[in-house]
Amino acid sequence: MSYEFVLIGGAFAVRRTDVMRGAPELHETPRVWHRLAEEWWQALYFGAAH
């Protein structure tokens, strides 16, 4: 499993790629302003994401 902080068309998101079960599965947060995406990324990084 891997995570990415991505910029897509002027908005930001956090993307998770799950390759544990064969074919890769992509999951992505809604595209939002940088500040909110950064909060989500930090929560993930520090183990506080829900």
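Helices (DSSP runs of H or I, at least four residues) and strands (DSSP runs of E, at least two residues) are numbered from the N terminus. This is a predicted model, where local features need pLDDT of at least 70, side-chain atom pairs count only at pLDDT 80 or more, and totals for chains, interfaces and linings use all residues. Residues are numbered from 1 along each chain as its sequence is written, and side-chain values use heavy atoms, with hydrogens and water left out.

View A. Let's start with α1, whose 12 residues (34-45) reach 16 Å from first C-alpha to last. That is close to the expected 16 Å, taken as 1.5 Å times one less than the number of residues. Gly47 follows α1 and has a positive phi, near 80°.

**View B. The open sheet.** Here 3 strands lie in the order β1-β2-β3 with antiparallel pairing; two strands pair if DSSP finds at least two bridges between them. Because β1 (2-8) and β3 (25-28) each have a single partner strand, one side of each is left without a neighbour in the sheet. Strand β2 (residues 11-18) is joined to β3 by 4 bridges, and Arg16 stands opposite His27 in β3.

View C. Look for side-chain nitrogens of Lys or Arg within 4 Å of a carboxyl oxygen of Asp or Glu, which is what counts as a salt bridge. Arg15 meets Glu28 at 3.0 Å, N to O, linking strand β2 with strand β3 across 13 residues. Arg15 also bridges to Glu4 at 3.9 Å, and Glu28 to Arg31 at 3.5 Å. Through shared partners, Glu4, Arg15, Glu28 and Arg31 form one network.
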